[in-house]
Amino acid sequence: MRTKLQQQIAFFIFRSLGLLVIGLLFWILGFIVYHGAGVISWEFLTTAPRDGMTAGGIWPALVGTCYLVIGSMVVAFPLGVMSAVYTSEYARNGRIVRLIRIMTNNLSGIPSIVFGLFGMSLFVRTLGFGDSILAGSLTLGLLVLPLVIRTTEEALQAVPATYRTGSRALGASRWQTVSRVVLPVAFPNIITGLILAVGRVSGETAPILFTVAAYFLPQLPTSIFDQAMALPYHLYVIATSGTDLEATRPIAYGTALVLIGVVLCINLLANLLRRRIGKHAHKS
Amino acid sequence: MIEAKDIDFYYGSFHALKHINMRIAAQSVTALIGPSGCGKSTFLRLFNRMNDLIPEARLTGKCLVGGEDIYGAHVQVDDLRRRIGMVFQRPNPFPKSIFENVAYGLRVNGMGDRRFIADRVEESLRAAALWEEVKDKLKKSALALSGGQQQRLCIARALAVQPTVLLMDEPASALDPISTMKIEDLIFHLRSTYTIVIVTHNMQQASRVSDHTGFFMLGELVEYSETRKMFTNPEKTETQNYITGRFG
């Protein structure tokens, strides 16, 4: 009887906490939607800001964020997946692997503003890319590299060892085993890591502050050497340094709503992709 | 055909195989029996060098297959593993189609001709007594097959690359009695073409399928003789005790 009561109390607490998390999420979403939905319109999404950013839309920032997400993934995805394949499938020397793991973990603990400074010093100044999409993408790419490495490693380690031994026993080399059996099986989970990375990149402000972000650009960037606006920085700007903060508040909420929407859309897309690939890998 | 000479094998400081000498005849079935941890699976895995994948494993002595020292410096391990097939305890088909599972060994060994691969896949599935059951669903996932079918698929997969030796590590221990019987029938049919070495926990199985039996205990080969003799009139008391079920 006592154990049953204990169990009921424990589960009641766990359930309440679980619901609390969901509640919080919906509260935040509801808050943003309530304040921001009013300004969302086709015009808001597809035009540039006007009148000292108290009117108009967010089109350049939306496009800039998309460019930065794509650019940073082009940097982080191949690099991260390749290093993860190395550490979890190839490296035999346990000490080197441990060293790489520790370094990766340290890298992920560095505050993002430090990445911003580093990116400015290396990409913007030393390599002479200037404030540009290229410099911003590289900086953001480095920022999420540890995340991509770690999730890819986990995805690879989730692949049953019997697949590897089965493949090796048929005379397949390590590379054939990795490329034909292990990676296809791990791919859906690798994509999940990519989704997390995209979410992180699209919301970061500090790393782009000194490397790419423009306060205001009426035109869209035309090359990777151009500056760009980006949603999180734009949000920061109109929420803190506008000419009329009260008037721009709805625009700020609208921007936040679009930012969340973009992340959700990318997650949804990647999830669909993941499911399709998962099914496909299962079938063929 | 297969010969082990003065084999000692260590996992780190654990002495897993102690001074083993054994000759295994070609085109016959040799069963390795013994209690858990006696070293019989370790011994089996020496012959396709799967133990190489275990860190801190160490071997002394010689392993000859067809007169060739398979641990010699010139030996290409991947090529050796193609010539010496292996079937594992748990069926481990790849999460690919039935066809692709069997074709896998051919593809990784550089064979690309579609006609040839299709022929070889059918041939191997027939040899593994699976063709009739799967011929209409070759494109379906191998994971949808039953455990027994999966194990026969793994045998077909091993046969596809035309090995001379087939190593089987308790191939039926995870299967139901009917599937086990099918695997045993299959072994019986394959013995004329392949040299088969099978590790098993099941004494009846050893007596049913094998020509010769080796009894391992605590890393030593205690007794090795014709199966009929081993199971009717063993020389050593340990063997007698084990096969009559007094321990193990």
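I began with chain B and counted 10 helices and 10 strands. The model is a predicted one. I then checked how compact chain B is. Its radius of gyration is 18 Å, close to the 18 Å that the globule rule gives for 248 residues, so chain B is as compact as a globular protein of that length. I also looked up the spans of its C-alpha trace along the principal axes, and they come to about 55 × 45 × 30 Å.

Next I looked up burial in chain B. Buried residues account for 48% of its 248 residues. For contacts I took pairs at least 6 apart in sequence. In chain B, 68% of these join residues at least 24 apart.

**Sheet in chain B**

I followed one sheet strand by strand. It is an open sheet of 4 strands in chain B, in the order 2-1-4-5, and the pairing is antiparallel. Which strands sit at the edges? They are strand 2 (14-24) and strand 5 (68-69) of chain B, and each pairs on one side only.

I then took the pair formed by strand 1 (residues 2-11) and strand 2 of chain B. They run antiparallel and are joined by 7 bridges. For one position in this sheet, I asked what stands opposite B:I7. The answer is B:I20, in strand 2 of chain B.

**One loop residue**

I picked B:L218. This residue lies in the loop between strand 9 (212-217) and strand 10 (220-226) of chain B. Is B:L218 buried or partly exposed? B:L218 has 14 C-beta neighbours inside 10 Å, so it counts as partly exposed. The cut-off for buried is 20 or more, and for exposed 12 or fewer. I also checked B:L218 against B:M86. The two are 132 residues apart in sequence, and their C-alpha atoms are 24 Å apart in space.

**Chain A**

I turned to chain A and found 11 helices and 2 strands. From the N terminus on, its elements run α-α-β-β-α-α-α-α-α-α-α-α-α. The C-alpha trace of chain A spans about 70 × 65 × 35 Å along its principal axes. Of the 284 residues of chain A, 38% count as buried. Among its contacts between residues at least 6 apart in sequence, 77% join residues at least 24 apart.

**Core**

I looked for the largest nonpolar core. It has 140 residues, and A:L68 and A:V148 touch the most other members. Helix 6 (residues 133-157) of chain A gives the most to this core, with 14 residues. In soluble globular proteins, nonpolar side chains tend to be buried together.

I listed the contacts of A:V148, leaving aside neighbours within four places in sequence. They are A:A76, A:F77, A:G80, A:V81, A:G193, A:L194 and A:A197.

**Where the chains meet**

How many residues does each chain bring to the contact? Chain A brings 18 residues and chain B brings 23 residues. On the side of chain A that touches chain B, helix 7 (161-169), helix 8 (174-203) and helix 11 (245-283) each supply at least two residues. Helix 7 of chain A gives the most to that side, with 6 residues. I then sorted the residues on that side of chain A by type. They divide into 7 nonpolar, 8 polar and 3 charged.

Terms used. Residues numbered from 1 in each chain as written. Chains lettered and ligands numbered in written order. Predicted model: local features only at pLDDT ≥ 70, side-chain atom pairs only at ≥ 80, totals over all residues. Rg over C-alpha atoms; globule rule 2.2 N^0.38 Å. Contact = placed C-beta atoms within 7 Å. Core = buried A, V, L, I, M, F, W, Y, C linked by C-beta atoms within 7 Å. Pairing = 2+ DSSP bridges. Nonpolar A, V, L, I, M, F, W, Y, C, P; charged D, E, K, R; others polar.
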